[in-house]
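Thanks for coming, everyone. I'd like to walk you through a structure this morning, so please have a look at the screen with me.

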Amino acid sequence: MTLDERLENVAVIGAAGKMGSGIVLLLAQEMAKLKLKNPDKGYHLYAVDISEKDLDGLTGYLQAQATKAAEKGCVMLRELYKDRDNLVENYDIIAQFTSDVLSVIRPTTELALTKNACMVFEAIVEDKDVKIKILKTIDSLCSKDTYYFTNTSSIPIHILDEGVGLDGRIIGYHFYNPPAVQKLAELIPAKTTKKNVIDLSHEIAKRLRKKIIPSNDVAGFVGNGHFMRDILHATGEVERLSDTFSQVEAIYALNKVSQDFLIRPMGIFQLIDYVGVEVCQLIMKVMSTHIPGVTLESDLVNKMVDKNVIGGQYADGSQKDGFLKYEKNRPTGVYDIEKGAYVAFDPDGWTKKIDEKLGAMPDGWAPWRKLLMDPKKDDKLKAYFGHLKNVNTLGAQLAKAYFKQSKAIGEGLVNDGVAHNAEDVNGVLTNGFYHLYGPINNYLD
Amino acid sequence: MSKLRKPVYFAAGYNTVSFGSGRKEFHPKKPRPGLEHYINESGKGVLEQINDAKHIDEGVIGNFMAARFNRQGNLASLMVNIHPSFEYKPMVRVEGACGSGGLSLTTGVKTVLSDMADVILSIGVEVQNPVKAIYGADILAGAGHYAGERKVGHAYFFPSKFSDRAGACYEKFGYDRIRQAMARWYEQAILNARKNPKAQEFHNSIDDLFAAGMTPPNPNVFCDHINVYDCSKVSDGASALIIASEEGLNKVGVPKSKAVELIGYGVAVADLTKPPPDQTKMTTVGKSVHQAYEMAGLGPKDIGVLEVHDCFTIGGILELEAAGFAEYGKGPDLVLEGKTRADGPLPTNATGGLIGFGHYTGGTGVRQAVDVLLQLTGQAGDCQVDVPADRPYGLMISMGGNDKTVVSCIFKSAA
């Protein structure tokens with residue numbers, strides 16, 4: 001079966017979630033384009049979710065996102081619709097494409113409707129037992145030629161393969177959040193994964209214009225393999241700084257060091273909130289369970305989950321409060337775990353004092369956003385870290401330690417056989433986490 | 001071409017900020033001033049420079065597509081909102097795509113020449129940001145031939161028209177030289193705009209403007225032969241000035257030292273349903289400018305200040321040739337040699353032009369006249385250029401569509 005044939009019947013499980021809805025959008029666009037080329041064929045995308053209410057919201061989300069995508073891709077869409085005389089203006093074409101995308105999607109709570117699916121994309125809760133149970137049900141309905149693509153970011157694929165009894169018809173296809181925007185997908189074949197599934201996965205990536213970086217089938221893979229250990233370094237630093245700073249101050253300081261001093265798009269605590277504090281806890285547990293001899297756990301993360309302050313996003317995509325408080329998606333305060341309340345940033349008060357203790361940005365510094373599009377960013381980063389190396393303010397010391405640890409984590413992923421090579425580690429961090437540089441580099445050597 | 005039968009003066013010019021992306025205070029999701037605001041601000045900006053609004057006899061407003069950008073027609077009637085004394089006076093709206101502003105000027109000029117009025121308020125306005133760029137492209141495509149061109153046209157219809165011109169120039173004259181001249185044009189426009197607080201690119205902080213201008217075109221998301229830096233931006237704004245007879249100028253109390261005299265103009269219009277006769281030439285611009293030269297009894301060697309309609313970098317370069325400042329195919333050299341810079345021998349678009357200042361389409365022609373007026377009367381502030389004594393004339397070219405409706409005006413100081 002070719003990819004085009006498989007795209008006639010697709011199911012996305014967990015379709016109303018933030019990952020699932022993005023995957024639905026990406027696939028539905030390709031299916032709508034195929035429908036235009038083959039108007040006599042039927043194309044069905046079963047968007048399955050347990051929540052009727054969330055599915056109601058899904059259509060609105062897809063309408064808005066498909067319109068946005070059509071606006072962006074209008075140059076190509078005009079070519080696709082060139083034979084439709086009634087579609088003249090961009091407006092006509094964008095509206096028609098949006099309608100065509102929505103028309104292939106069948107939102108449903110009925111798992112039974114997936115019976116004809118040739119490809120199943122799974123993006124449900126990061127729980128091995130739940131995943132196995134649902135996939136088993138689907139496998140009992142579908143043909144034995146159906147392929148499974150799991151969006152797990154931590155559970156080893158061979159565990160799912162064995163648990164469901166798919167005999168290699170499954171692969172890890174880890175989209176990054178949000179799937180419609182992020183270019184990266186980590187591809188994780190189990191040892192048993194069939195070659196056809198791997199080949200098809202590459203074909204899908206090409207069609208969806210995603211960059212594939214392969215990872216070996218070790219819990220957490222490359223992305224979370226780095227991210228979770230990065231979190232542990234940060235939370236460990238918060239504890240180590242308890243002589244100098246209160247916990248609230250230390251969280252603020254580490255967030256600033258990891259964002260500003262390291263020129264990353266977000267500080268580490270903002271990123272934890274973005275992913276979800278509880279999700280991070282869950283991933284650490286999965287990794288601890290499945291990687292022999294490794295225990296990943298953070299007291300700080302556990303305490304936040306105990307307090308039910310867990311970040312994540314609202315249905316409209318805006319940021320929920322977690323370690324940090326947000327207004328219009330920008331951090332405005334830090335959660336005080338003892339008091340159970342947020343302490344607002346005070347640019348004339350305590351935050352200023354911390355900034356002063358951390359010290360000024362070393363020479364050559366520029367914010368992440370400014371460097372992002374700078375054609376000379378590599379030279380500028382090299383120059384900046386060259387300066388950072390010779391500065392000994394508290395901020396610079398913390399940044400250097402953070403930087404070295406990040407590099408060590410990256411090298412560990414290669415040495416432990418999670419990543420194939422340093423280039424893949426750097427590729428995941430730059431493409432999936434939008435870092436301007438990979439952790440394995442010689443900037444501080 | 002007949003000469004002007006009596007002196008006609010332009011004075012009391014006013015430009016609003018050219019508002020849109022690039023301005024620090026611009027946010028696409030925040031409320032912005034509307035059409036009424038810009039018409040009022042520009043009109044009042046003029047009234048503050050004259051002694052009494054009651055001396056305005058008539059009004060002309062140039063606008064391209066308010067009916068689609070703002071769902072508003074009958075703009076002449078909105079002019080009355082500027083001042084109570086305008087109630088029941090004759091007002092008219094004129095349209096010639098992005099040349100609407102130019103037509104606003106010449107319509108006013110003809111009324112003065114006809115002795116039917118002594119003082120005309122001429123405005124040009126466009127407010128485009130209510131519509132996203134991809135849909136705005138549909139609206140602006142109305143400057144082309146809808147029935148004949150739109151369906152087969154590009155998503156970004158007008159950029160693609162000038163992309164085709166750039167492509168034809170690359171083919172005929174070589175890619176590198178043309179591409180570099182276009183990038184230099186962009187650099188020059190932004191450097192000029194950074195001196196003009198009202199320019200849309202006033203806050204532009206790109207380090208290496210030439211490198212940005214050299215960004216390779218990406219046909220997958222935009223056009224084959226141009227990049228976004230080759231294009232003027234989506235703008236909101238308005239400009240206004242008065243057009244007056246000798247008597248009119250006296251009545252409004254503006255001294256001649258603050259006025260310019262129109263000494264020649266040309267209006268040339270080509271068939272909208274036909275493609276350009278030569279993609280590497282701006283034929284209609286050439287006709288219009290040469291009409292103006294003939295009326296003024298001047299030629300390109302006499303021009304000391306220049307305002308061209310650079311909706312796209314390649315357009316600006318080709319207009320230099322069409323207006324006789326360079327031989328065919330040599331326009332890029334003028335730019336590459338720095339001759340069109342603000343400190344060069346032919347200062348061109350010294351306030352930023354359409355690329356740097358912004359391009360509120362139907363208002364741009366009036367904006368150009370205001371800027372020439374300010375230059376020739378020494379009121380251009382940080383953007384002021386040296387106007388040579390032996391070349392004291394300013395030329396402006398206002399163009400609608402792909403070289404279809406073109407207005408050119410030549411001025412000199414009235415002092």
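Before going on, some housekeeping. This is a predicted model, where local features need pLDDT of at least 70 and side-chain atom pairs count only at pLDDT 80 or more, while totals for chains, interfaces and linings use all residues. Residues are numbered from 1 along each chain as its sequence is written, and chains are lettered from A and ligands numbered from 1 in the order in which they are written.

Now the overall picture. Chain A has 18 helices and eleven strands; these are DSSP runs, numbered from the N terminus, with helices being H or I of at least four residues and strands E of at least two. With 445 residues, a compact globule would have a radius of gyration near 22 Å, and chain A agrees with its 23 Å. That radius is taken over C-alpha atoms, and the globule rule is 2.2 Å times the number of residues to the power 0.38. The C-alpha atoms of chain A fill a box of roughly 70 × 55 × 40 Å along the principal axes.

How do the two domains meet? Here 17 residues of domain 1 of chain A are in contact with 16 residues of domain 2 of chain A, contact being C-beta atoms, placed from the backbone, within 7 Å. On the domain 1 side, β7 (184-189) and β8 (211-214) of chain A each supply at least two residues, and β8(A) has the largest share, with three. By class, that side has seven nonpolar, five polar and five charged residues. For those classes, Ala, Val, Leu, Ile, Met, Phe, Trp, Tyr, Cys and Pro count as nonpolar, Asp, Glu, Lys and Arg as charged, and the others, Gly among them, as polar.

β8(A) also belongs to a sheet. Eight strands of chain A form an open, mixed sheet in the order β3-β2-β1-β4-β5-β6-β7-β8, where two strands pair if DSSP finds at least two bridges between them. Its edge strands are β3 (105-108) and β8 of chain A. Neighbouring strands are turned by 25° against each other on average, direction ignored. Within the sheet, β1 (residues 9-13) and β4 (residues 119-122) of chain A pair in the parallel sense over four bridges, and V12(A) has F121(A) as its bridge partner in β4(A). Helix α6 (residues 128-141) of chain A packs on the sheet, touching β1, β4 and β5 (147-150) of chain A, and its direction makes about 165° with that of β4(A). Such angles run from 0 to 180 degrees between N-to-C directions, with axes fitted to C-alpha atoms, for helices over the stretch in contact.

Two backbone details are worth a click. A cis peptide bond joins N177(A) and P178(A), with omega about -5°; P178(A) is in the loop between β6 (170-175) and β7 of chain A. Then there's Y434(A), with a positive phi of about 60° although it is not a glycine, in the segment after α18 (422-432) of chain A.

Last, the chain contact: it takes twelve residues from chain B and ten residues from chain A. On the chain B side, helix α5 (residues 133-140) of chain B gives the most, with four residues.

Technical notes
Two residues are in contact if their C-beta atoms, placed from the backbone, lie within 7 Å.
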